[in-house]
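Please keep the sequence and the 3D view at hand while reading.

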Amino acid sequence: MSILTTIWSMISGACLMLCFLHLLLWWKDRHQRVYLLSALMALASGAGALIELGLMRSESIAAHATLLRAQNIAVAVILVAMVWFVQGYLRTGRRWLAAVISASWAFCIVVNLLSPNSLVFAEIHEVVPRETFWGETFHTARGATHPLKIVADLTSFLIAVYVAEATFRAWRCGRRQAALVVGASITVFIVIAGIHAPLVDAGRVATPFMVSVAFLTIVSALSYQLADDASRALRYGREIRAGERRWRTLLNEVQLVVVDLDPAGRVRYVNPFFERLSGRRALEVVGQPFTALMIAEESGDLAARFAGAASEGPRPRSRWTVAAADGHGRVCDWSSVRLVTPEGDFDGILSVGADVTEALQARRDLERTRRRLDRVIRANMLGELVSAFSHELNQPLAAILSNAQAARRYLAQGRPRVDDVRGILDQIVADDKRAAAVIERLRALMERGEILREDLALVPLLDEVVALVQPELHQQGIRLELLVPADTPPVQAGRVEVQQVLLNLLVNAVRALEGVPESTRRITIAASNGDERVTLTVADTGPGIPSDQIDRLFEPFHGDRDGQLGMGLAICRRILEAYGGSIQAESGDGGASFRFTLPVSAVGKQVSRG
Amino acid sequence: MAERDPLVVVVEDDTSVREALLRLLDAGGFATTGHATAEDFLAAGADPRTGCFILDIRMPGMGGLALFQRLRKSHAACPVVFLTGHGDIPMAVKAVQEGAFEFLTKPVDETVLLDAVQQALLEHARRSERQHEAEQARARIAGLTPRELEVLRHVITGALNKQIADVLGIAEPTVKIHRASIRAKLDVHSVVEQLDIARLAGVEPAE
């Protein structure tokens, strides 16, 4: 039995086996066209091995010529398939170079078929017997080299360049193993085959052609790489299944509603928490339009929104109410994502919702309580101001009455002096206007407005507030110092609210001074101007605030008199913060002081810059 | 115009109220003067013709109540009428308990005001009369000798001559002589008249 025959037959068999395996792989996953290319390479390598064996055994010139032509076709198929395999597998090769190589080989095949002695020889002079080192005889041809063989050799060089470059780039991209196995093996063996084959052709080395040996190595290396890919795919599959288990656990156990909608807006999936929250079975809603999930009042609005979500993606956050079996909707805050297929087509919407029903209810309750307290504190403050107002209103009314009755008496006595009556009438008019102004001030104070920002000049506003408490200050013998510069810029806030804050602080200060000797009763209102803020301070000379209370002063329900004072301060803080201001309390030997800030209005900033 | 002699003094810080009151009182036939504050009034000095005061309770500075405390001593014969707002009624009631003549709430009707002033001036007249009588009585009592005053203090307790003689350690006829002298000096004839003068002059009865 000949060793050469044995080896080359085994090579051929191995190549055909690999061809079969790669074909099977391609058959199972036809997206992977590289398997088809590698199968083609293996097939051609197997054929090439048999052709090489034929060359070794044939002694006639004619047989050599025929077999050499066949061998060139096999090599061409192998090389072109290999180039496109690299192109498809590494995806880093230059496509134009692969095309040039293919075209070049196509040209060589045409030359090969037209030439009587193949692409290798222009003319075959003789077939000479040779011996291997173990003494087996084989044959090689000798003759004049075909002038166009240089094209094939150059193309082999191009292939080496192409593969080397694709490998280098794959390496740079981080696909080191694939680059090493595929690129390096191909490059090395192309170089070997490219050097060895021409030397055999030229009769310089006395060995048979070993192109198929080189190609078997390449095909084996590629097979190793593909097998590695396949095993990795299996491992990924296991990991994905483990990941899916985790996701599944999350979907089943999480306290959030998960809803998956298909592109038509029908429910594809709801998680178990949906069933717990709504008391409805998943089977009842899956396959239904998504409007079946929500309460009827909202479905119209949201149905319109779905169309927009399908084309532009959903709003990242939304709020709608899940219809529940017991008829009570559950309000949820939703976060939604738009799903797309790998091809980029719209594939539905996945939404996750958190139940906020209780939180909303709590917030509404709190809001209601706050509004009620707000009204109470206003009513309390107004109650305290009523005596002040009635006094202010009493004065002009008393004057009007007495003036009118005096005039009537003058007339009845038949001695009216025109000057007297004119003076009386003038004064009645003046007092009437005075009374109207008092009422207007009261009305402005009581008018309930929503938060309204306006440019407020502080000096006249302070004057108004001070006018309100002036009678109280008189009665208590309290001295009031106003240290507000005339150039204090206007602030941006609501008139009534700021008045409320000032009144609250003034009423507190008046109360604080109750236990203080009259000679030292003093309240100071001071303003200092910053670029962005005006700081107002209301200070009294009372006993101050105990240090353990000063921190809790602004908390609701903290207070010394039926909660009035504390609630008032809590509301003050809320008002000021609503306008971007702040308030803080300080206390020392000299009494308590409340310092609050309000933002300077745009007008005020311009003025101060100009 | 003799009936216009007693002055009504108005102290009220609100100018228009004060002027209106002054006009109404003028129309009602009263002589008036007005002051803006207690301090103004005190600085101007009291007019001897003053008959009564109308004071606002709420005033800057001294205030109506503080002024009232001073007037009780310096102008005991002049009644004080307070003018108040609704919120000050408790204060006004306290003032009346301390001897203020009347309090009126603003706005005040003319009849109420003029009537109150009328009554206050009548009261002023009564108090002035009593003051006058007391002064005369004190002048007559001042003419008695110490022994005669001693005897009088016993007489007004209703003691008999014999009892007086025993207590003072003198003879009964001597007591009779003293009593005749007292009757002559006081220019009275009955024991009842003696009692009146002694009370007006503030003579303490003997123990």
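Over all chains, the structure holds six aromatic pairs, where rings of Phe, Tyr and Trp (its six-membered ring) pair if their centres lie within 6.5 Å, and where planes under 30 degrees apart count as stacked, over 60 as edge-to-face and the rest as tilted. This is a predicted model, in which local features need pLDDT of at least 70 and side-chain atom pairs count only at pLDDT 80 or more, while totals for chains, interfaces and linings use all residues. Residues are numbered from 1 along each chain as its sequence is written, chains are lettered from A and ligands numbered from 1 in the order in which they are written, and side-chain values use heavy atoms, with hydrogens and water left out.

In chain B, B:Phe68 lies in helix 3 (residues 64–74) and B:Phe82 in strand 4 (residues 80–84), so the pair ties together parts that are 14 residues apart in sequence; here helices (H or I, at least four residues) and strands (E, at least two) are DSSP runs, numbered from the N terminus. Both B:Phe68 and B:Phe82 are buried, a word that means under 20% relative accessible area, with exposed meaning over 50% and partly exposed in between (1.4 Å probe, protein chains only). In chain A, A:Phe133 is exposed with a relative accessible area of 80%, whereas A:Trp134 is partly exposed at 36%.

Rings also take part in another arrangement, in which a charge sits over a ring if NZ of Lys or CZ of Arg is within 6 Å of the ring centre and within 35 degrees of the ring normal. The charged end of A:Arg30 sits in this way over the ring of A:Trp27, 4.1 Å from its centre, and the charged end of A:Arg175 sits over the ring of A:Tyr89, 5.9 Å from its centre.

B:Cys52 counts as buried at 0% relative accessibility, and B:Cys78 counts as buried at 8%.

Chain B as a whole contains nine helices and five strands, and buried residues make up 45% of its 207 residues. Within this chain, a cis peptide bond with omega of about -5° joins B:Lys106 and B:Pro107, and B:Pro107 is found in the loop between strand 5 (102–105) and helix 5 (110–142).

Two residues other than glycine have a positive phi near 60°, namely A:Arg91 and B:Asp187. A:Arg91 lies in the loop between helix 3 and helix 4 (95–114) of chain A and is exposed, with a relative accessible area of 68%. B:Asp187 lies in the loop between helix 8 (172–186) and helix 9 (191–201) of chain B, and B:Asp187 counts as exposed at 56% relative accessibility.
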